[in-house]
Amino acid sequence: MKRTEIESYVEELVIPIIEEGSFELVDVEYVKEGANWYLRVYADKDGGITIDDCVAISRALEEKLDEKDLIQDAYILEVSSPGLGRQLKKEKDYKRSLGQEVEIKLYKARDKQKELEGILKDYDEDSFTITIDDKDTVFEKKEIAMMRLAVHF
């Protein structure tokens, strides 16, 4: 199975668990870091997800994964909160983040800058409109290497 197929497969397995607990599935990723494969499930809920929530999701998912046993590699399963600086990747992320401050990293510099901050004003299938210094700027999705909510301490 390819990485993307594993992610889709795990997403299908975890969605009923997520919905039953009134959680929101933020993302599933299957990545190799060093010698180890990691299967990561990011979940959230109103008011934030707790460690006990993550343990419950992990146990229920682990049971389903062991039952099906379709992932050939040895892997480490992690279930966690997406965290404050999570990447925005899906339509539901963009919708939820409208009107909020975001950080973007571009593949190629624009006006000598690769990292920008602004307010996510709008988006469509191909582009994002971000208000930077009171000026709306349109970025094609293919220009953006990464977008996440801005976090200031």
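Q: On what basis are the values given?
A: This is a predicted model, in which local features need pLDDT of at least 70, side-chain atom pairs count only at pLDDT 80 or more, and totals for chains, interfaces and linings use all residues. Residues are numbered from 1 along each chain as its sequence is written, and side-chain values use heavy atoms, with hydrogens and water left out.

Q: How many residues of strand S6 are buried?
A: Strands are DSSP runs (E, at least two residues), numbered from the N terminus; buried means under 20% relative accessible area and exposed over 50%, with partly exposed in between (1.4 Å probe, protein chains only). Strand S6 (residues 127-132) has six of its six residues buried. Ser 127, Thr 129 and Thr 131 point one way, whereas Phe 128, Ile 130 and Ile 132 point the other way.

Q: Which bridges join S6 to strand S7?
A: Two strands pair if DSSP finds at least two bridges between them. S6 and S7 (residues 135-140) run antiparallel and are joined by six bridges, with Asp 136 of S7 as the bridge partner of Thr 131. In their hairpin, which has two residues between the strands, Asp 133 takes a positive phi near 50°.

Q: How does strand S5 run relative to S6, parallel or antiparallel?
A: S5 (residues 113-123) runs antiparallel to S6, and four bridges join them. Thr 129 in S6 is the bridge partner of Asp 122, and a hairpin of three residues links S5 to S6.

Q: Why does Asp 66 count as exposed?
A: Asp 66, found in helix H2 (residues 51-68), counts as exposed because its relative accessibility is 55%.
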